[in-house]
Amino acid sequence: MKQIVTGIVAHVDAGKTTLSEALLYQSGAVRQLGRVDNGDAFLDSDDLEKQRGITIFSHQASLTYQDLQLTLLDTPGHVDFASQTEQVLSVLDYAILVVSATDGIQGYTRTLWRLLDHYHVPTIIFVNKMDAVTADKDRVLTQLQATFSPGCIAFDGTDLSADATENVAMQDDDVLADYLDTGALADDTVRRLIQQRQVFPCFFGAALKLDGIAEFLSGLSKWTQENNYPTEFGAKVFKISHDQDERLTWIRVTGGVLANKDVILGEQKVNQLRVYNGSKFTVQPQVVAGEVCAIPNLTDTHPGQGLGQQVAGRSPEIQPVLTYTVDPGDNDIHHCLTVLQELEDEDPQLHVTWSNQLQEIRVQIMGSVQLEILQQLLRDRFDLAIGFGAGSILYKETITQPVEGVGHFEPLRHYAEVHLLLEPTPRGSGLTFATNCSLEVLGKNWQHQVLTNLRAKTQLGVLVGAPLTDVKITLVTGRASIVHSVGGDFREATWRAVRQGLMMLRQEQACQLLEPWYQFRLEIGQDQVGRAMNDIQRMHGQFDTPDGTSSAAGMVVLTGTAPVAEMQDYAQAVQAYTHGKGQLECLVDGYRPCHNQDDIVAEQAYAPVADLPNTPDSVFCAHGAGYPVPWDEVPGMAHVDYAYSPADLRKLGR
């Protein structure tokens with residue numbers, strides 16, 4: 001029997017969980033058709049989800065239909081819980097993208113499509129709510145083809161019409177040439193095009209009424225194909241959860257077989273293999289490649305981690321843009337920290353941090369809904385009533401021209417000097433590290449120490465102390481002592497070299513503050529367009545030409561981008577001036593240069609030299625004692641010649 005793991009993803013209220021329930025009921029996996037609004041959905045088993053009527057956590061279910069054994073991973077539909085959804089995407093064979101026939105492609109649907117492309121997940125589309133009076137199959141299909149791909153093609157269960165067959169063939173030049181020669185298109189060819197993300201089958205129905213569900217299941221059975229797996233054991237961790245006093249590590253086995261009592265991580269043994277179906281599970285003696293299971297009480301596991309021969313996953317695309325200070329109230333702040341760290345174990349994107357100096361906890365949040373859920377989760381699960389201070393923007397920093405930074409660390413009986421080339425890279429590229437240093441100049445072990453220490457902590461900028469991004473850092477030269485150098489010396493010299501280079505750039509006004517921007521879709525009345533345009537310009541945003549064709553009669557759509565700092569509270573204003581008829585959708589669209597950098601730098605008053613854990617200064621030695629040297633005096637005292645002259649750096653910057 002064919003074993004497939006699929007995830008169901010959608011914009012909130014598109015009917016994602018309703019479709020999951022329909023698939024389970026139609027296949028006979030459940031006897032009763034659950035409903036989200038009744039609080040009896042099989043996959044929304046958490047009390048918090050029942051109260052809210054939304055999916056907050058990812059859940060697993062299984063069904064069998066014809067020759068298909070399907071593992072369903074239901075995911076949250078609200079953008080604030082996108083990190084939960086992204087964790088699941090990397091372990092899917094296929095994704096089912098649910099689109100509402102009445103609402104069409106919404107803002108978060110576009111984000112999901114981008115993520116599915118990023119993770120190369122073959123995608124099958126189910127257009128839901130086709131029973132609505134305003135549903136128009138041709139209109140939705142046209143929108144899918146124009147917005148996503150011409151490969152979005154209407155399928156009808158297991159059969160393809162002549163038009164659909166021709167449209168499928170047209171997605172690949174070689175397939176089209178063969179089709180024109182033979183007049184036939186093999187089923188295996190269609191499956192291959194689907195798996196390669198050239199064709200995206202589209203099915204239409206109404207999940208609540210079970211319309212089109214049997215045809216959709218038949219289509220999944222026919223048009224999907226099982227992966228081939230290596231014989232050597234491998235698995236990917238995609239989720240951590242806590243069930244009462246147990247910590248569960250959820251994995252997808254990507255190779256070989258995992259048996260109970262196998263050693264899986266260091267010296268840790270698998271003490272149980274659980275296969276969940278909703279909130280219940282069965283214990284299995286082994287799981288094979290392609291299957292999903294949960295293992296209780298492993299430690300030091302995290303989402304994205306590779307086990308066995310499986311390589312680790314990519315860094316998450318979805319990142320929070322707001323940070324909040326925790327107000328513990330009458331609760332012990334260290335107990336609050338322990339509890340929040342447990343929640344961070346489940347959702348690493350919370351980025352819980354503790355400042356010993358300020359005696360405060362900070363967390364990173366996607367938006368207001370997540371913050372509300374977090375507070376309720378703390379009350380219900382841990383009996384903790386805590387508050388949060390006003391949210392503030394998570395800034396990042398980058399550079400606009402190259403520089404060679406130097407770090408020297410030479411207290412008595414220690415020695416290391418490191419020269420790093422810092423270069424700006426394209427937006428969204430993050431930090432990258434490399435070495436361009438001869439082994440004759442600096443041994444392999446010391447070069448490894450430099451690269452390891454660059455990755456060992458978050459490198460901070462010198463404008464407001466925000467994380468550094470979109471910079472390539474290359475080791476270009478350095479020096480070690482045969483007698484005195486140890487690994488810790490190169491850690492100190494490396495970190496100081498980064499900061500010294502940044503301080504040099506700050507002096508030349510070549511450091512840049514970045515802020516998160518929203519991509520927005522604003523629907524307002526025709527008589528309110530002028531007001532909306534003025535508001536967006538006042539918020540330093542940009543917008544496209546107003547569109548009156550893709551919304552209800554009398555309404556106009558404005559799309560564009562604007563800083564999160566300016567637009568995060570704008571939804572309330574829209575509701576007020578449109579008397580509840582307007583709608584604002586905002587999705588984080590990455591980081592761009594800050595629109596008011598000077599104001600933010602002045603407001604935060606960050607003193608980079610006073611940030612001692614991230615000092616730009618160096619330590620030299622004279623007369624048998626080490627002494628500090630300010631960052632701006634380091635170039636004149638460096639023991640190793642610079643690898644790049646000012647003219648060389650200017651050429652690099654062009």
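The model is predicted, so local features need pLDDT of at least 70 and side-chain atom pairs pLDDT 80 or more, while totals for chains, interfaces and linings use all residues. Residues are numbered from 1 along each chain as its sequence is written, and side-chain values use heavy atoms, leaving out hydrogens and water.

Ring pairs join Phe 126, Phe 155, Phe 203, Phe 216 and Trp 223 into a cluster. Within it, Phe 155 and Phe 203 form a tilted pair, 6.1 Å centre to centre with 55° between the planes. Phe 155 sits in the loop between β6 (152-154) and α6 (162-169), and Phe 203 in strand β7 (residues 200-204), 48 residues apart; helices (H or I, at least four residues) and strands (E, at least two) are DSSP runs, numbered from the N terminus. Both Phe 155 and Phe 203 are buried, that is, under 20% relative accessible area with a 1.4 Å probe and protein chains only (exposed is over 50%, partly exposed in between).

The rings of Phe 155 and Trp 223 have centres 5.6 Å apart and planes at 90°, so this pair is edge-to-face. Because Trp 223 belongs to helix α9, the pair ties together parts 68 residues apart in sequence. Trp 223, at 2% relative accessibility, counts as buried.

Elsewhere, Arg 274 lies over the face of Phe 281, 4.3 Å from the ring centre, and Lys 396 over that of Tyr 591, at 4.6 Å; here NZ of Lys or CZ of Arg must be within 6 Å of the ring centre and within 35 degrees of the ring normal.

Notes. Phe/Tyr/Trp six-rings, centres within 6.5 Å; stacked < 30°, edge-to-face > 60°.
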